[in-house]
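User: I have a model open and would like to learn how to read its features. Could you walk me through them?

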Amino acid sequence: MTIQVEQPYAHHIYHLYTFFYDPKVVGASKDDFIRYMEQVERINIAIRYFPVHLLAELRALGHQYGECPVAEEQYFEHQIQLPIFGHLTDEQIEHMVGAVRRAVVKLGRA
């Protein structure tokens, strides 16, 4: 997995915590990871920021799947957002970190 690193010129707004899941490293699909996180760990995974060219308005103008393969692969295969906000407790954060670790271990055996 690849995690965010806050840069001095780009401060985090603490809306969603995005990371990039690698199904080849874990041995399970992104969908399996999300299902585990939601059903077993009870963590709501947000899937946001759809590739713009695939929005209905732009598809109506002729844009289509396959036009931006790197963006599409990142969104559909790798990108995951965890909930994050300023008033998360340390306990809630530790639960999410532990849940990601448990998911990788559990799914890696599948």
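**Reading the model, feature by feature**

Analyst: Covering rests on contact, meaning heavy atoms within 4.5 Å. The model is predicted, so local features need pLDDT of at least 70 and side-chain atom pairs count only at pLDDT 80 or more, while totals for chains, interfaces and linings use all residues. Residues are numbered from 1 along each chain as its sequence is written, and side-chain values use heavy atoms, with hydrogens and water left out.

User: Which residues of α5 are buried?

Analyst: Buried means under 20% relative accessible area, exposed means over 50%, and partly exposed is in between (1.4 Å probe, protein chains only). In α5 the buried ones are M96, G98, A99, V100, A103 and L107. G98, for instance, has a relative accessible area of 13%, so it counts as buried. Across the 110 residues of the protein, 32% count as buried.

User: What about α4: which of its residues are buried?

Analyst: In α4 (residues 69–78), E72, Y75 and H78 are buried. Their cover includes β1, α1, α2 and β2.

User: Is Q79 buried or exposed, and what does its side chain reach?

Analyst: Q79 is in strand β2. Q79 counts as buried because its relative accessibility is 14%. Its side chain reaches the backbone oxygen of R48 at 3.2 Å. A polar contact is a pair of N or O atoms within 3.5 Å; within protein, one must be able to donate a hydrogen and the other to accept it, and residues adjacent in sequence count only if both atoms are side-chain atoms. Leaving out residues up to four places away in sequence, Q79 touches T18, F19, F20, K30, I47, R48, Y49 and Q74.

User: Y49 is on that list. Where does Y49 sit?

Analyst: Y49 is in the loop between α2 and α3. With a relative accessible area of 56%, Y49 is exposed. Beyond its neighbours within four places, Y49 is in contact with H15, L16, Y75, Q79 and Q81. The C-alpha atoms of Y49 and Q79 are 9.6 Å apart, although the residues are 30 apart along the chain. Also check the backbone: phi of Y49 is near 60°, a positive value in a residue other than glycine. R42 has a phi near 60° too, and R42 is found in the loop between α2 and α3 (56–59). R42 is exposed at 68% relative accessible area.

User: Last one: what lines the largest pocket?

Analyst: Rolling a probe the size of a water molecule over the atoms shows where empty space is left. On a 1 Å grid over the protein atoms alone, a pocket is an open set of points where a 1.4 Å probe fits, with protein on both sides within 12 Å along at least five of seven lines; lining residues have an atom within 4 Å of a point. The largest pocket has a volume of about 320 Å³. Of its 13 lining residues, Y17, L82, I93, M96 and V97 are the closest to its centre. The elements giving two or more residues to this lining are β1 (16–20), β2 and α5, with the largest share, 4 residues, coming from α5.

Key:
Points joined across faces, edges and corners; volume = space filled by probe spheres on them.
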